[in-house]
Amino acid sequence: MNSLTLHAPAKVNLSLRILGKRGDGFHELDTLMVKLPSLADEIQFDTSHEFSFACDDPSVPSDERNLVVKAVRQFQEATGLSASYRISLRKTIPHGAGLGGGSSDAASTLFGLNRLHANPLNDEKIQEIASSLGSDVPFFLLPGAAHCTGRGEKITPAPAPEPFRILLLKPAFGVPTPDAYRRWSQSQEIPGIRYAPQDLGGVQLTNDLERPVFEKHRFLAELKQWLLSRNDIAAALLCGSGSTIFAALKEGADAKQITQAAQCELDPGLWAWSGLTG
Ligand code: C5P
C-alpha cells in the first residue's frame, strides 16, 4: 500500500467525574466519551524514502513535541521499522479545546502505520503504546462511545446514546490540561453558575473540571450560563478541560443564529461548529 488517508475524529465527555488524586500525579476518572465523526482532522500517509511530518496549522508544533511524531517514534521503537512515510496532518479540530484532537491524531497514526506495515503490532501492544502517549489516546483506537476509567486509558465500550445535535463554541484562548487538573482539589464553585448534572435523554451531563476551569476563566462560566438561559438549548457543558463549551440543541434550534448571537453579545472571535454526536 502506497498511501492512506485517515480521519481522526474529535470527542466530547458527556460526563467527567474525578474520583481523587493518585500517587503518580494523575487523577482517577470515570468519564463517558462520544466521538464527533464529522469534526475530524485528516492524516495522510505517503510512501517516501524516510519519515517526515508536516502540519498545515503553523500554531501546532511539527517537531518531536507533536503527538503524531511521538506516535511514530514509539512505533519505530516497538517494531524496529523505519516508518518511511511522509505524514501530512490537516487540522480541523482546534487545540487546547478539550476535544481530544492531538490524542485522536496520535491514535490514527498508530493505527495507520500498523496497517501500512501489515500489522506487526497486536491490539494489546498498540493499546499499551497509546496509553503511554496520553490518557485519551486508547479511546480513539476503538469505535463508538466508551466509559473510561483509571486515568482515562481503561476503556469499556458503552452503548452510544442517541445521536444529538450539538453546537461547540470556543474562545481564542485554550486551557492547558495539567493546569485544570492541578487546580481541581482547591477550587470553589462560583455562585450563580450551574454545576449540577443536567439530564439529557437519561444521560447525566456533568464535568468536575468546570469548577477549576471556570474559576480561572470566568468567561467560560459566563458562556455556559448564556447558553443555558436560551430556550432553544437543552443543556450546556465544558468539553473536557476546555476551552470549548458544548450545547445540546433542542429540535428546531438554529445553530447559525445562536452562534451569531453569541459572537455579537459575548465575543466576536468565538470559533463555532455544529453537527451530530456519533
Ligand atoms: O494523559 P495526558 O497527557 O492527556 O495528561 C495531561 C496532563 O493532565 C497530565 O500530565 C496530568 O497533569 C493531567 N491529567 C491528570 N489526570 C488524568 C489525566 C490527565 O491529572 N486522568
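Which residues are around the ligand? In this predicted model, they are Gly25, Phe26, His27, Leu29, Gly134, Ser135, Arg151, Thr177, Pro178 and Tyr181.

View 1. The ligand takes up the space of the largest pocket. Two elements, β2 (27–47) and α4 (177–184), each give two or more residues to the shell around the ligand. Of the elements, α4 gives the most, with three residues.

View 2. On the oxygen side, a polar atom in the side chain of Ser135 sits 2.5 Å from a ligand oxygen, and an N or O atom in the side chain of His27 is 2.8 Å from a ligand oxygen. Arg151 uses its backbone instead: a polar atom there lies 2.9 Å from a nitrogen atom of the ligand. As for cover, on its own the ligand has 450 Å² of accessible area, and the protein covers 73% of that.

View 3. Now over to strand β11 (residues 245–249), where Ala247 has its place. Is Ala247 buried or exposed? It's buried, because its relative accessible area is 0%, and the cut-off for buried is under 20%. Setting aside neighbours within four places in sequence, Ala247 is in contact with Arg165, Ile166 and Leu167, plus Leu227, Ile233, Ala235 and Ala236. For a sense of scale, take Gln225, which is 22 residues from Ala247 along the chain: the two C-alpha atoms are 11 Å apart.

Definitions and conventions:
Residues are numbered from 1 along each chain as its sequence is written. This is a predicted model: local features need pLDDT of at least 70, side-chain atom pairs count only at pLDDT 80 or more; totals for chains, interfaces and linings use all residues. Side-chain values use heavy atoms; hydrogens and water are left out. Helices (H or I, at least four residues) and strands (E, at least two) are DSSP runs, numbered from the N terminus. Buried means under 20% relative accessible area, exposed over 50%, partly exposed in between (1.4 Å probe, protein chains only). Contact means heavy atoms within 4.5 Å. A residue is near a molecule or strand if one of its heavy atoms lies within 4 Å of it. A polar contact is a pair of N or O atoms within 3.5 Å; within protein, one must be able to donate a hydrogen and the other to accept it, and residues adjacent in sequence count only if both atoms are side-chain atoms. Accessible areas come from the Shrake-Rupley method with a 1.4 Å probe; for residues, only the protein chains shown count as cover. On a 1 Å grid over the protein atoms alone, a cavity is a set of points where a 1.4 Å probe fits but cannot get out, and a pocket is an open set with protein on both sides within 12 Å along at least five of seven lines; lining residues have an atom within 4 Å of a point. A molecule sits in a cavity or pocket if more than half of its atoms lie within 2 Å of its grid points.
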